[in-house]
Structures are given as structure tokens and as C-alpha cells.
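Reader: I am new to this structure and would like a close look at a single part of it, the surroundings of the ligand. Please take me through them with care.

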Amino acid sequence: MPCRRTSLAATRVELARVPQAVRVARRLLRTMAGDCGGCVAGGPAELLLSEVVSNAVRYARGSHVDVVVAPNGTRGLMAAVFDEEPHLDRGTRAGSGNDGMERGRGLDLIEALSDTWGVTTVGDRGKWVWFTTAAPA
Ligand SMILES: Nc1ncnc2c1ncn2[C@@H]1O[C@H](COP(=O)(O)OP(=O)(O)O)[C@@H](O)[C@H]1O
Ligand SMILES: [Mg+2]
């Protein structure tokens, strides 16, 4: 089913940089997917957005994050999260931290499950971490 939205306008919200932002962002994406009718619902995009917002809460700085979600093509979704930390150093990927916990898997998952993703730095103001999903073939 093609996307039923009459425009491809993005929805943007500013959220306090607190753990609850993760579920608010997921709800925003679900609403967008529902509006679309034919958009790939929640699913992987919801999971990926959870990871990006969790990272912004955990590793970034500033009091707020901006979350943008939008349809991508006929059935895909895109999401972008702005935080006020300009740098993203992945460090040791998928290695073991001092606490013995595996680290660095989140961005690996984004790479594996998104169609495209990236980090767009906005000078020294911060960065967008964004991804797109496409409809399965
Ligand atoms: N929004 C962000 N701002 C700053 N650093 C980040 C951000 N997201 C991820 N990082 C860095 O990239 C590393 C890898 O992130 P990730 O793959 O999600 O693994 P994890 O969350 O398990 O550490 C993090 O440990 C952190 O150092
Ligand atoms: Mg993470």
C-alpha cells in the first residue's frame, strides 16, 4: 500500500534529554507510520530510533534533543536526532569495556538494519544522527 499522506512533511519535536525521551520518540514514529498507512510500521525503525535517542541521552550533552521523523519514499521512514555534542567517537567497536559489558553494538545494529545512516555535524553546535529505512522488496 503506498503512503497515504498528502505531503512528505517531517514532524519535529524537541524533547528533554532524559531517558523518557526514548519512548516519546518511539511513539512519534509509530504515529507517523500510522498516518502513512502504508509506511513500514514501527518495527526496525522503532528499534533504531530507540538506539539513537538512547545514545543521545547517554553520551551527548545539553538539555534537549530534537527528533525528526518523516516518510521516506513510498513505504520507508527516516528519523534524525540532534544533540548538542558535536563529536561522536565510536571508540572500540563491539569490544569489551572495563565493566566487561559489550559496547559498540548499537551503531553496528543501525548500520545493519537501516538502509542508510550517518552523522551530520553542525559546526560546534552539535550533530544529527540520522537513518533511513526502505520498504522490504
Ligand atoms: N549521540 C552520541 N554522542 C556522542 N557519542 C556517541 C553518541 N552515540 C554514540 N556515541 C559513541 O559511540 C559509541 C558506540 O555507541 P553504540 O554503538 O551505541 O554502543 P554503546 O551504546 O553500547 O556504547 C558510544 O560508546 C559513544 O562513545
Ligand atoms: Mg548505544
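Author: A residue is taken as near a molecule if its C-beta atom, placed from the backbone, lies within 6 Å of it. This is a predicted model, in which local features need pLDDT of at least 70 and side-chain atom pairs count only at pLDDT 80 or more, while totals for chains, interfaces and linings use all residues. Residues are numbered from 1 along each chain as its sequence is written, and chains are lettered from A and ligands numbered from 1 in the order in which they are written.

Around ligand 1 there are 16 residues, of which Asn55, Tyr59, Arg103, Gly106 and Leu107 come nearest. Two or more residues of this shell are given by each of helix 2 (43-59) and helix 3 (105-113), where helices are DSSP runs of H or I with at least four residues, and strands are runs of E with at least two, numbered from the N terminus.

Helix 2 also holds Glu51, which touches Gly106, Leu109 and Ile110, not counting residues up to four places away in sequence; contact here requires C-beta atoms, placed from the backbone, within 7 Å. Glu51 and Ile110 are 59 residues apart along the chain, yet their C-alpha atoms are separated by 8.0 Å. Because 19 other C-beta atoms lie within 10 Å of its own, Glu51 is partly exposed, a class that falls between buried (20 or more) and exposed (12 or fewer).

Strand 3 (residues 76-83) and strand 5 (residues 126-133) run antiparallel and are joined by 7 bridges, with at least two DSSP bridges needed for two strands to pair. Helix 2 packs on the sheet, touching strand 2 (64-72), strand 3 and strand 5.

Methods. Two residues are in contact if their C-beta atoms, placed from the backbone, lie within 7 Å. Axes are lines fitted to C-alpha atoms, for helices over the stretch in contact, and angles run from 0 to 180 degrees between N-to-C directions.
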